[in-house]
Amino acid sequence: MIVGDHVEDFELQDETGTPRRLSSLLAHGPVVLFFYPIASSGGCTQEACHFRDLAAEFAAAGARPVGISSDDVSKQHAFATAHTLGYPLLSDDGNRVAKHLGAYRWFLPGGLHTRRMTFVISPDRRIRHVVASERSMTAHADAALEALRQEAAA
């Protein structure tokens, strides 16, 4: 999906097993939906903690981060607890949402895995910004925050 596309509403369980709908997450402002490959891996931990460390800046921009991977609820819970993330982590079992948004890739030897991508989604469920860097663990939060600030200034 690209900037301007409309995201279908979806429901996934968060790290506590609570069902979360995208439309409900968007009720109070934009969502920065960031996909990561594996909960608790080195790069994903760095990325998730960077989002956590920028929580005040995201709140000031009226937005909230939401992490998503194909890890099950128990792995998401352990990840969120170990790093005191403070935002929802969604379990995309089967990669349904990742496939829909284009945030997946084939990974040898034949498995489908979440790709590191971030989407800034406005309350009308339109994509406002996309980040697709696989190499920089801090680029996603930084670019999303900058996009939110630029949109607010316009």
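These legends describe close-up views of a predicted model. Local features need pLDDT of at least 70, side-chain atom pairs count only at pLDDT 80 or more, and totals for chains, interfaces and linings use all residues. Residues are numbered from 1 along each chain as its sequence is written, and side-chain values use heavy atoms, with hydrogens and water left out.

**View 1. The stacked pair Phe34 and Phe51.** Rings of Phe, Tyr and Trp (its six-membered ring) pair if their centres lie within 6.5 Å; planes under 30 degrees apart count as stacked, over 60 as edge-to-face and the rest as tilted. By this rule there are six aromatic pairs. Phe34 and Phe51 are stacked because their ring centres are 4.0 Å apart and their planes meet at 10 degrees. The pair links distant parts of the chain, 17 residues apart. Phe34 sits in strand β3 (residues 31-35), Phe51 in helix α2 (residues 42-53). Helices (H or I, at least four residues) and strands (E, at least two) are DSSP runs, numbered from the N terminus. Phe34 has a relative accessible area of 0%, so this residue is buried. Buried means under 20% relative accessible area, exposed over 50%, and partly exposed in between (1.4 Å probe, protein chains only).

**View 2. Phe51 with Phe58, and the aromatic cluster.** Phe51 is buried too, at 0% relative accessibility. Phe51 also forms a stacked pair with Phe58. Here the centres lie 5.7 Å apart, with 20 degrees between the planes. Phe58 counts as buried, again at 0% relative accessibility. One aromatic cluster takes in Phe34, Tyr36, Phe51, Phe58, Phe79 and Tyr87.

**View 3. The buried side of helix α4.** Helix α4 spans residues 73-83. Its buried residues are Gln76, Phe79 and Ala80. They cover an arc of only 95 degrees around the axis, so they lie on the same side of α4. The arc is that of the directions from the helix axis to the C-beta atoms. The cover over these buried residues includes α2, β4 (64-69) and β5 (89-91); contact means heavy atoms within 4.5 Å.

**View 4. The opposite face and the end of α4.** The face turned away from the buried side carries the exposed residues Ser74 and Ala82. Just after α4, Thr84 takes a positive phi of about 45 degrees.

**View 5. Tyr104 in strand β6.** Strand β6 covers residues 104-107. Tyr104 is partly exposed, at 32% relative accessibility. The C-alpha atoms of Tyr104 and Ala59 are separated by 28 Å. Along the chain, these two residues are 45 residues apart.
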